[in-house]
Amino acid sequence: MAERAEVPETGAVAPVVPSLRWAEPPEGPAVVLLDQTLLPAEETELVCAEVPELVAAIRRLAVRGAPLLGIAGAYGVALAAARGDDVGAAADALAHARPTAVNLGYGVRRVAAAHRAAVDAGTGPEGAAAAALAEARAVHAEDADASARMARHGLAFLDELRPGGGHRILTHCNTGALVSGGEGTALAVALAAHRRGALRRLWVDETRPLLQGARLTAYEAGRAGMPYTVLVDGAAGSLFAAGEVDAVLIGADRIAADGSVANKVGSYPLAVLARYHRVPFVVVAPLSTVDPVTATGADIVVEQRPGREVTEFPVAGGRSLPVAPAGAPAYNPAFDVTPPELVTAIVTEAGVVSPVTGDGLAELCSTSRWSTSRSGNGMMAE
């Protein structure tokens, strides 16, 4: 089931269609997604009335971005409870839909724990389903709040680095409202700078192979009226050499305990370039992206995507055109890992860690009510 909206060249900051919403009967119960695979050409809602449909949407990147995956997983568990499905089985399927983004499992575990607690308290199926939905809504609201806090902390940090504004920011992949319950992570910082008149230029890596930068970040930046320019990933080095970049701002899909950052493939080369050219490399992510169980970057499981995403180019009608010889092998990791010594700062809703160390990150995480520990029920109250 799909509803479509025309996409104007300019207009509101947020999409006409929300990135994710919960639908009550008679439309639902369902998790309704903005199908990001169709952007920027059209805004189409994808209605997931069953958990397998949501799992499939996650795997094909109809819904993506670490914080939003956490929200999607949370509502997915609530959907299973509302339908009377096996909540444990649904939670397991959702949590393993994609291996690298830690927020997905975080959202799933929180809602599954709330549902289990309600069942143990004898509230009955309807009461347990209501408890699950309430917890999913809490995850959603907390992410929106975290987004606003990260924007404030991130802009303050940029202003410390370059007083007076005029920021020229290079970003990679997509980190705006499309990945969040609020206005995003790294792109929310750039948007805050723009609103204050302090953004001189947003450099947008196209982000191969799926073009999340060109398709999604440019789409959001254009709607917000931000001064932006799209570039091929391989052109970033020439920008640094020309002195056209004041800071690199990216998001994260998982941050290990030592401060290593897994993000969309192509992020690590930017960190190397930034270090060589003495440009700050800043990661913006909520504390739910920090995984204290994963000790180092070497322990992060990096998702391997199908080779056809590299060897073929999607066109209208669900078809694709070959851009490599038939049968050409392709290396297509979804993420790469940047070591902490290349990260200038990690900006979270609770504050900024700089320099980035395991101890500094742990201290900041201790201020959060929830950790992302995978032991026990997956949550730890601080």
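## A polar pair to start with

Let's begin with a side-chain pairing: Glu45 and Arg21 make a polar contact through their side chains, at 2.9 Å. Bear in mind that this is a predicted model.

Leu33 itself belongs to the largest nonpolar core, which has 39 residues. Along with Leu20, Val31, Ile58, Tyr75, Val77 and Leu94, Leu33 is in the group touching the most other members. Two or more residues each come from strand 2 (20-23), strand 3 (30-34) and helices 1 to 5, among them helix 1 (51-59) and helix 2 (66-83). Helix 2 gives the most, with 12 residues. Another core lies apart from this one; that core has 29 residues, including Phe240, Leu270, Ala271 and Val356.

## How helix 1 meets helix 2

Now for a helix pair. The axes of helix 1 and helix 2 come within 10 Å and cross at roughly 165°. Angles over 145 degrees count as roughly antiparallel, so that is how these two helices run relative to each other.

The crossing of helix 1 past helix 2 is left-handed. On the helix 1 side, Val51, Leu54 and Ile58 make the contact, while helix 2 brings Leu69, Ala72, Gly76, Leu79 and Ala80.

Conventions
Residues numbered from 1 in each chain as written. Predicted model: local features only at pLDDT ≥ 70, side-chain atom pairs only at ≥ 80, totals over all residues. Heavy atoms only, no water. Core = buried A, V, L, I, M, F, W, Y, C linked by side-chain atoms within 4.5 Å. Buried < 20%, exposed > 50% of the residue type's maximum accessible area, 1.4 Å probe, protein only. Helix = DSSP H or I, 4+ residues; strand = E, 2+ residues; numbered from the N terminus. Polar contact = N/O pair within 3.5 Å; in protein donor to acceptor, adjacent residues only side chain to side chain. Axes fitted to C-alpha atoms, helices over the stretch in contact; angles between N-to-C directions. Parallel < 35°, antiparallel > 145°, perpendicular 65-115°, else oblique. Left-handed = near helix turned anticlockwise from the far one by under 90°. Contact = heavy atoms within 4.5 Å.
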